[in-house]
Amino acid sequence: MKNRAVVALFVAALLSLPALAQQQPAASTSQDQQSQTATSSSSGSSATGKAPLQYESRQGFWGKVNPFARKKYVQRQTQPIRDRVNELDELTAANTKMIKDVDSRAQQGIQMASNKATEADQHAVDAGNKATTAQETATKANTRLTTVEGVVSNIDQYKSTNQTEIRFRPGQSVLSQNAKTALDQMAEPLKGQRGYIVEVQGFSSGKGQAAIATSRKMADAVVRYLVENHEIPVYRIYVLGMGNAPVQTTTAEAGQKPKRMSGGRVEVSLMKNDLEQLATSSTAPAPAQ
């Protein structure tokens with residue numbers, strides 16, 4: 001009988017051990033959680049803004065692993081870990097989206113800066129072209145101003161460009177066909193031109209006022225032909241009756257005695273200044289760039 005009682009007591013003790021083990025971890029766990037909560041509150045919060053998960057250093061009688069732990073107990077212990085993992089996944093996704101947004105804005109900013117730089121380069125090229133054009137215009141204006149100053153300073157300086165001599169028979173003042181042809185050749189190029197004058201000098205044989213009147217009459221015949229047939233303005237023609245004045249000597253005849261000629265003649269001289277040259281240069285087309 002005594003042996004049976006001892007065996008029964010031993011078996012009862014073995015059966016009561018799991019219940020005691022299930023109660024002790026809870027007490028120890030609550031104590032450990034309180035101590036770790038105090039530690040975490042002093043160390044700060046985690047990346048999610050919450051306190052770190054508490055780690056149970058001991059689980060009662062069975063140590064770190066309780067072989068008799070129930071399924072609900074295990075789920076209750078692992079649920080905070082799953083929640084924290086889900087929060088970290090959400091935080092990671094939010095950070096990834098934020099990084100992508102920042103990268104997109106950075107790319108847009110870089111593209112905008114590149115466009116602005118390209119536009120600034122184009123403006124610089126346009127400004128350089130305009131500066132070059134302005135420099136060329138200023139150079140042309142300076143050249144033209146120099147030309148105009150030279151023309152203005154020599155406005156009354158006429159140079160002989162063409163000279164024609166018209167012969168008359170003694171006592172006549174009618175133009176022959178050869179004289180008309182010579183005047184035509186001289187007057188045709190003058191249409192539309194400026195900066196010229198026509199000098200007409202009449203010479204006649206004889207003496208005194210009679211010679212002067214005859215020479216003027218022959219010169220007037222030449223002037224009348226130029227005005228009527230070639231529309232040369234009268235204000236561009238200067239007429240003078242020289243009478244029986246001696247013929248002017250040329251360079252080759254310099255040093256020789258002036259000689260008088262018989263019959264009548266009229267010397268027609270075309271005189272030009274630089275106004276025609278200025279008008280030609282102003283109307284000339286610009287060279288191709």
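**Exercise 1. Orientation of α3 and α4**

Determine how helices α3 and α4 of this predicted model are oriented to each other.

Solution. Step 1: the axes of α3 and α4 cross at roughly 55 degrees and come within 11 Å. Step 2: angles of 65 to 115 degrees count as roughly perpendicular and those under 35 degrees as roughly parallel. Step 3: α3 and α4 are therefore oblique to each other. Step 4: the handedness of their crossing is right-handed.

**Exercise 2. Residues at the α3–α4 contact**

List the residues through which α3 and α4 touch, and sort the contact by class.

Solution. Step 1: α3 contributes K180, L183, D184, M186 and A187. Step 2: from α4 come V222, Y225, L226 and H230. Step 3: sorted by class, the contact holds six nonpolar residues, two charged and one polar.

**Exercise 3. The faces of α3**

Find which residues of helix α3 are buried, which on the other side are exposed, and what the buried ones pack against.

Solution. Step 1: α3 spans residues 177-187, and its buried residues are A179, L183, M186 and A187. Step 2: viewed down the helix axis, these buried residues fall within an arc of 90 degrees, so they line one face of α3. Step 5: the packing partners of the buried residues are β1, β2 (196-204), α4 (208-230) and β4 (264-272).

**Exercise 4. The surroundings of I166**

Locate I166, decide whether I166 is buried or exposed, and name the residues that I166 touches.

Solution. Step 1: I166 belongs to strand β1, residues 159-168. Step 2: the relative accessibility of I166 is 1%, so I166 counts as buried; the cut-off for buried is under 20%. Step 3: leaving aside residues up to four places away in sequence, I166 touches L175, A179, A182, L183, G264, R265, V266 and V268.

**Exercise 5. The backbone at E231**

State where E231 lies, what its phi is, and whether E231 is buried or exposed.

Solution. Step 1: E231 sits in the loop between α4 and β3 (237-241). Step 2: its phi is positive, about 55 degrees, although E231 is not a glycine. Step 3: for comparison, most residues other than glycine have a negative phi. Step 4: with a relative accessibility of 70%, E231 counts as exposed.

Notes: Residues are numbered from 1 along each chain as its sequence is written. This is a predicted model: local features need pLDDT of at least 70, side-chain atom pairs count only at pLDDT 80 or more; totals for chains, interfaces and linings use all residues. Side-chain values use heavy atoms; hydrogens and water are left out. Helices (H or I, at least four residues) and strands (E, at least two) are DSSP runs, numbered from the N terminus. Buried means under 20% relative accessible area, exposed over 50%, partly exposed in between (1.4 Å probe, protein chains only). Contact means heavy atoms within 4.5 Å. The arc is that of the directions from the helix axis to the C-beta atoms. Axes are lines fitted to C-alpha atoms, for helices over the stretch in contact, and angles run from 0 to 180 degrees between N-to-C directions. Angles under 35 degrees count as roughly parallel, over 145 as roughly antiparallel, 65 to 115 as roughly perpendicular and the rest as oblique. A crossing is left-handed if the near helix is turned anticlockwise from the far one by less than a right angle, and right-handed if clockwise. Ala, Val, Leu, Ile, Met, Phe, Trp, Tyr, Cys and Pro count as nonpolar, Asp, Glu, Lys and Arg as charged, and the others, Gly among them, as polar.
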